[in-house]
Each structure stands twice: as C-alpha cells, then as structure tokens.
Amino acid sequence: MSKIVECVPNFSEGRDLKIINSIFDAALHNAQGKQVKVFELESNKDHNRCLFTIVGEPEEVLNSVYESIKVATKLIDMEKHIGEHPRIGATDVVPFVPVSGVTMDECVELAKRLGKKVGEELGIPVFLYEEAATKPENRNLADVRKGEYEGFKINMNQPDFGPAKMHPTAGAVVIGARKYLVAFNVNLDTHDIDIAKKIAGKIREKNGGLPGVKALGFEVDGLAQVSMNLVDYEKTNFDAAFNAVKKLADEEGVEIKSSEIYGMIPLESLVCAVKSAFKADNFQSDQVLEKRLYE
C-alpha cells in the first residue's frame, strides 16, 4: 500500500490575490511531476486567511508545504495583518494528517522534521501541537495561540524549534499532526455578532457542549457566523453541529442564512451525515459510485 498523507497549511492572507496565488503556486510548482497533488484553495477576506490541501507521498508533501512557507515568509508582513481569525504568524498552522498506509507517529515525525527545517533555515519559532506536542499545554491549538501575534511579541514561550523570539515579519508558526478535521461554518441571518458568540460558547466542548467541537463567533460578510472546527467527526459530525446551532438560533429568534464546509472532508463524514439524516443505517461508502470507480 502506498503511503499517503494530507497537509492543510493555513496562511494569514485572505485579501491580496497576488500573494495568495504566489503561496499556492509555490506548492503547486514543487508538486509537478511528483506523487503529490495540491488543490482546494480557499480564502476569506474577513478572516484574512487562506488555506489549501496537499495530498501525496509524505516526503513530497513535506517539500511542497515548505516551499509555500518560504514564499509566505517573504510576502506576508504580520505587522500589517488585521483579521477576525486567531493567528500568530504568516504561516499560522500546518497540520499533517494520516490518510493511507501512514501512522500518526509517522505524521508526528514529519511535523518535527518540518519544524526543525523552518526553525533553522527560515529563522521562525515553531511550536508543535496536537499529537506532535512535546508539552501537554501545547496540545490544544487555541492554547498555543493564546495572546495571538500581538501577545507573542511581548511574551513568547520557549518554542520547540527556531529562535526564542518572533520573526520580525513572519511571527511564529504552529506545526503538528492530527486526525481529520471538518471546518464547518453556519451563517446566521443577523448582524448581531453577540448571538453568534453566545451560541459558539454553548456548543464548545470545553464549555460542556458538543464533544470534539471548537467554536467561535465572528462577523463575516456582514453576517454573524458560528465558525466551528470539528476535530472528531465520529463524535460530532457537521449535521449534528448544524442541528445544535439551529436549535440555539431558534431560541434567540434568529434564522440560519446558510452554512458551509470549508476545505476538504473525508468521505466517511458524508456517509455519517446521510445515515443520520435519513436513518440509513446500512448505507456504506462503497455505495458511492465514484469511490468504486477510482479504487
């Protein structure tokens, strides 16, 4: 079985298309003629953030993401960055995810190798998170980024790799290994961001809400948005998250305008949603035609 890993680098730029495309093209160019694919470029002006997906042979994925980090370091100036989304650097977070023939431990080693390379060659402090974390307090991404870029400039903890001070324009970066994550947003039909924040607070796992759910309230495109990271879709999938937000929105007298899956998700997440929505307990991913065609 071939080894396949996924990497979803997030960058602190969602407005300048020239910079966004330059970062994406760096990974794409490095992937040409190799066993790696780069796709699903997403960006948001309010979050001032972009991301894309790199999938393929582990070594080639590592090389491709490193090329994009180099370009982001050169083109993004965090001294000028303003956006809704929490962030600490030009390249903000880089997770490796095992897909096929790869263990989580191998993804941890990839994260460490990339972290060492970024720290030594680009002079950026690197913090390891989730399964790659070397300190218990650094497992949770939100805990690592507490204080954000502005706070890190004043008081930054000791990084795992790189200098013990922020890069003058690129800040710091979080690199790690984790399971699949479903990024799911629900836009409320209101401008009242306090309602989104209230709902996010109630569904957040650490506040006693839904298991595996991290949530924040933002204003995006003039609407209040409940932005969620579902870190274990087998515990809470996007359909359950949607229903929970809808119930709380109804209690606030607010309608849901729309929802979106941000980036790519595993097929099994869709299968789970179909099973739940239609009580189709026997439905399996093998019943999806395209899956059988391309196996």
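Reader: Which residues are linked with Arg 49 in a network of salt bridges?

Author: Asp 92 and Arg 145 are linked with Arg 49 in that network. Before we go on, this is a predicted model, where local features need pLDDT of at least 70, side-chain atom pairs count only at pLDDT 80 or more, and totals for chains, interfaces and linings use all residues. Residues are numbered from 1 along each chain as its sequence is written, and side-chain values use heavy atoms, leaving out hydrogens and water.

Reader: Why is Arg 87 called buried, and Glu 150 partly exposed?

Author: Buried means under 20% relative accessible area, exposed means over 50%, and partly exposed is in between (1.4 Å probe, protein chains only). Arg 87 has 4%, so it counts as buried. Glu 150 has 43%, so it lands in the partly exposed class.

Reader: How do you know that Lys 117 and Glu 121 are about one helical turn apart?

Author: They're 4 residues apart in helix 3 (residues 104-122), and that's why they are separated by about one turn. Lys 117 is partly exposed, at 26% relative accessibility.

Reader: What about Arg 139 and Glu 131: how far apart are their closest N and O atoms?

Author: Those atoms are 2.9 Å apart, and the two residues form a salt bridge. Arg 139 is partly exposed at 37%, and Glu 131 is partly exposed at 36%.

Reader: Why does Leu 293 count as exposed?

Author: Its relative accessibility is 56%, so it passes the cut-off and counts as exposed. Leu 293 is found in helix 9 (residues 289-293). With Leu 289 and Tyr 294, Leu 293 forms a nonpolar patch on the surface. Such a patch joins nonpolar side chains (Val, Leu, Ile, Met, Phe, Trp, Tyr) within 5 Å, from residues with over 30% relative accessible area and no salt bridge.

Reader: Which residues line the second largest pocket?

Author: Tyr 180, Ile 265, Pro 266, Leu 267, Glu 268, Leu 270, Lys 291, Tyr 294 and Glu 295 do. A pocket is an open set of points on a 1 Å grid where a 1.4 Å probe fits, with protein on both sides within 12 Å along at least five of seven lines, and lining residues have an atom within 4 Å of a point. Helix 8 (residues 267-278) gives the most to this lining, with 3 residues.

Reader: And what is the volume of the largest pocket?

Author: About 1100 Å³. Its lining has 44 residues, and His 85, Leu 141, Arg 145, Lys 214 and Asn 229 lie nearest the centre. Strand 9 gives the largest share of that lining, 5 residues.

Definitions and conventions. Points joined across faces, edges and corners; volume = space filled by probe spheres on them. Helix = DSSP H or I, 4+ residues; strand = E, 2+ residues; numbered from the N terminus. Patch = residues over 30% accessible without salt bridge, like charges linked within 9 Å, V, L, I, M, F, W, Y side chains within 5 Å. Areas by Shrake-Rupley, 256 points an atom, 1.4 Å probe, with all protein chains shown as cover. Salt bridge = Lys/Arg side-chain N within 4 Å of Asp/Glu carboxyl O.
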